[in-house]
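This briefing sets out the strand pairing, helix packing, nonpolar core, ligand surroundings and backbone exceptions of one structure. Please read it with the sequence and the model in view.

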Amino acid sequence: MRMSVRVNRPDKTIKHRRLKLALNTLATTRAVGRALGAALPERAIVLCKGQLGSGKTTLIKAVCQGLGIAPRMVISPTYTLVNVYPGRRSVYHVDLFRLETPEALLELDREDWINPAGMTLIEWPELAGPFLVGESPLEVRLDFVPAHAERRRMTLRGDRRIYGAVFAALEERKGNAEATQGR
Ligand SMILES: Nc1ncnc2c1ncn2[C@@H]1O[C@H](COP(=O)(O)OP(=O)(O)O)[C@@H](O)[C@H]1O
Ligand SMILES: [Mg+2]
């Protein structure tokens with residue numbers, strides 16, 4: 001009996017944490033993105049999920065700003081697959097929207113799209129799954145809020161130890177977001 005309970009609760013459910021934030025304005029998304037960037041560990045892999053127009057590129061631009069990269073440098077890599085931004089530590093900005101199969105990624109060297117010496121921020125990461133086994137990415141999902149053009153909901157999920165500083169920094173903002181929600 002006991003054994004089966006353990007089997008049903010793999011370790012990852014215990015060390016992962018989930019945090020939801022209300023992004024009620026574009027300015028909130030930008031502020032949260034900058035705070036997220038400033039709190040990310042040096043080798044983070046961030047999986048940015050959400051429909052077209054949900055704000056993935058907008059958020060990543062702000063994350064990069066939080067890392068000291070000029071926002072004008074950050075443009076969508078939809079056609080290039082990977083943009084590399086130099087900085088204190090380089091940032092790889094990846095967009096797999098145009099990818100049709102995970103196998104297409106075999107044509108690239110891993111270090112050409114997963115930064116070996118810094119951060120990797122990936123839009124449309126679904127097909128990258130097989131390449132991320134053994135990694136501990138932070139998942140960030142953006143969702144639209146029906147009937148509110150400027151509102152988004154953000155859900156973060158990741159290892160609570162590796163991304164502890166991120167959760168701490170954004171937890172603080174959660175209070176702010178909720179406090180301004182009624183206005
Ligand atoms: N709260 C918000 N957060 C993020 N983007 C927002 C928000 N409100 C409006 N927007 C707009 O939504 C669009 C998001 O586009 P983009 O970041 O390119 O999305 P994606 O990369 O997910 O396709 C931008 O035009 C942005 O100005
Ligand atoms: Mg985009």
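Strands E2 and E5 run parallel and are joined by four bridges. The model is a predicted one. Within this pair, Leu-47 has Ile-122 of E5 as its bridge partner. E4 and E5 also run parallel, with five bridges between them, and here Val-94 is the residue whose bridge partner in E5 is Ile-122.

**Strand E5**
- Strand E5 (119-123) is mostly covered, since five of its five residues are buried.
- In a regular strand, side chains alternate between the two faces of the sheet.
- Apart from neighbours within four places in sequence, Ile-122 is in contact with Val-46, Leu-47, Cys-48, Val-94, Leu-96 and Ala-128.

**The sheet as a whole**
- Strands of a sheet pair through backbone hydrogen bonds, in a parallel or an antiparallel sense.
- Seven strands make up an open sheet of mixed pairing, in the order E1-E7-E6-E2-E5-E4-E3.
- Strand E1 (16-23) and strand E3 stand at the edges; each has a single partner strand, so one side of each lacks a neighbour in the sheet.
- On average, and with direction ignored, neighbouring strands are turned by 15 degrees against each other.
- The pairing of E1 with E7 is antiparallel and extends over eight bridges.
- Opposite Leu-19 stands Leu-156 in E7.

**Helices on the sheet**
- Helix H3 packs on the sheet and touches E1 and E7; the direction of H3 makes about 145 degrees with that of E1.
- Helix H4 also packs on the sheet, where H4 touches E2 (45-49), E3, E4 (91-95), E5 and E6.
- The direction of H4 makes about 165 degrees with that of E5.

**Nonpolar core**
- The largest nonpolar core comprises 36 residues.
- Val-46, Cys-48, Val-63, Cys-64, Val-91, Leu-121 and Ile-122 have the most contacts inside this core.
- H4 supplies the largest share of the core, namely five residues.

**Surroundings of ligand 1**
- Ligand 1 is surrounded by 15 residues, of which the closest are Thr-29, Gly-55, Lys-56, Thr-57 and Thr-58.
- Helix H3 (26-39), H4 and E7 are the elements that give two or more residues to this shell.
- The most is given by H4, with three residues.

- Most residues other than glycine have a negative phi.
- Leu-81, although not a glycine, has a positive phi of about 75 degrees.
- Leu-81 lies in the loop between helix H4 (56-66) and strand E3 (82-85).
- Leu-81 counts as partly exposed because 18 other C-beta atoms lie within 10 Å, whereas a buried residue needs 20 or more.
- Ala-147 is likewise not a glycine, and its phi is positive at about 70 degrees.
- The loop between strand E6 (138-145) and strand E7 (148-159) holds Ala-147.
- Ala-147 has 6 C-beta neighbours inside 10 Å and therefore counts as exposed.

Terms used
Residues numbered from 1 in each chain as written. Chains lettered and ligands numbered in written order. Predicted model: local features only at pLDDT ≥ 70, side-chain atom pairs only at ≥ 80, totals over all residues. Buried ≥ 20, exposed ≤ 12 C-beta atoms within 10 Å, placed from the backbone. Near = placed C-beta within 6 Å. Pairing = 2+ DSSP bridges. Axes fitted to C-alpha atoms, helices over the stretch in contact; angles between N-to-C directions. Contact = placed C-beta atoms within 7 Å. Core = buried A, V, L, I, M, F, W, Y, C linked by C-beta atoms within 7 Å.
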